[in-house]
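Visitor: Please show me the model, and then take me through some of its local details.

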Amino acid sequence: MDILEVRGLTKRYGSFTAVADVSFSIGAGGILGYLGPNGSGKSTTVKMITGLLEPTAGEILHRGRRVRDDVVAFKRSIGYVPEEAQLYGFLTGWEYLEMVATLRAIPRATFERKAKALLEAFTLFTHRDAAIASYSKGMRQRIALISATLHDPELLILDEPFTGLDVTSSIVLRQVIERLAAAGKAVFFASPAIEVIERLANRIVLLRKGQQVAAGALSETLRQLGYTRLEDAFIGMAEETDTAKTAAQIVDAIRSA
Ligand SMILES: Nc1ncnc2c1ncn2[C@@H]1O[C@H](COP(=O)(O)OP(=O)(O)OP(=O)(O)O)[C@@H](O)[C@H]1O
Ligand SMILES: [Mg+2]
């Protein structure tokens, strides 16, 4: 049974279609990479899955059951890291995690043990009593990751989780995702970066202007597209921009009097 299944998911804003008829599923152990350029509809899809946006059409199923029939159970089983985590800057890292643990009804002793271990592993423990407002972008991202995993969710929904992370933290996060999948969790992550998806996902969905232009197992999808590398597929299918020309235009514009 798939942990997450999305069928014909669509979001329209008036006559503009941000996400058009997207379908995919993720089973236990699956890591689905949701790849598309800026504005292609990745975050809109994520927000529909996590219940922040009402879909115009389509179904979201959790273990074969419609999510809207039991939203509470679904929210309990997901860990969500949004594109830009809204953390309360006036709270310290520790206080923020404490608040999340309270909302998730995590027992006090469990929270303290887990928060300490996770803060240490993500090298934030010494910063735990500083206000989040003083944190760097990467530190905030790591706090968001910890807060999304404190309750040991079976489904991770990550919107560009590597953004802002340095090399070491990125490698750690990648291995964490792989290990969680190996332990039977399902992972959905959105990224505009081909190399990230290529390295981590076992299935991909390639999005272009809200349309699902390819989907399936990573290697199969590449074959299906007739390209040897996903990068070629990405440039060929998702981007129509002449990058050198665009870069020259930008520099011209910057340097013009
Ligand atoms: N409330 C809204 N009304 C109209 N259009 C919207 C609204 N919200 C989003 N859009 C449009 O939907 C499209 C998809 O946006 P989305 O944020 O899902 O893209 P994305 O793939 O996550 O991009 P990025 O890589 O920059 O994060 C964009 O063209 C955006 O302008
Ligand atoms: Mg986005």
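Visitor: In which loop does Ala105 lie?
Guide: This is a predicted model, in which local features need pLDDT of at least 70, side-chain atom pairs count only at pLDDT 80 or more, and totals for chains, interfaces and linings use all residues. Residues are numbered from 1 along each chain as its sequence is written, chains are lettered from A and ligands numbered from 1 in the order in which they are written, and side-chain values use heavy atoms, with hydrogens and water left out. Helices (H or I, at least four residues) and strands (E, at least two) are DSSP runs, numbered from the N terminus. Ala105 lies in the loop between H3 and helix H4 (108-121).

Visitor: What is the phi of Ala105?
Guide: Most residues other than glycine have a negative phi. Ala105 is exposed, with a relative accessible area of 64%; buried means under 20%, exposed over 50%, and partly exposed in between (1.4 Å probe, protein chains only). Although Ala105 is not a glycine, its phi is positive, at about 55 degrees.

Visitor: Is Asp152 buried or partly exposed?
Guide: Asp152 is found in the loop between H5 and S7. Its phi is positive, about 55 degrees, although Asp152 is not a glycine. With a relative accessible area of 46%, Asp152 is partly exposed.

Visitor: Which residues are the protein donors of the magnesium ion (ligand 2)?
Guide: Donors are N, O and S atoms within 2.8 Å of the metal (3.2 Å for Na, K and Ca); water is not among the atoms, so sites may look incomplete. The protein donors here lie 2.0 to 2.2 Å from the magnesium ion, and they are Ser43 (OG) and Glu83 (OE).

Visitor: How many residues apart in sequence are the parts that this pair ties together?
Guide: Ser43 is buried at 14% relative accessible area, whereas Glu83 is partly exposed at 37%. Ser43 belongs to helix H1 and Glu83 to the loop between strand S6 (78-81) and helix H3 (93-103), so the parts tied together are apart in sequence by 40 residues.

Visitor: How many residues of H1 are buried?
Guide: The buried residues include Lys42, Thr44, Val46 and Ile49. H1 is mostly covered, and of its eight residues the number buried is seven.

Visitor: Which residue is the bridge partner of Arg208 in S10?
Guide: S9 and S10 run antiparallel and are joined by six bridges; two strands pair if DSSP finds at least two bridges between them. They form a hairpin with two residues between them, and Lys209 in the turn has a positive phi of about 50 degrees. The partner of Arg208 is Gln211.
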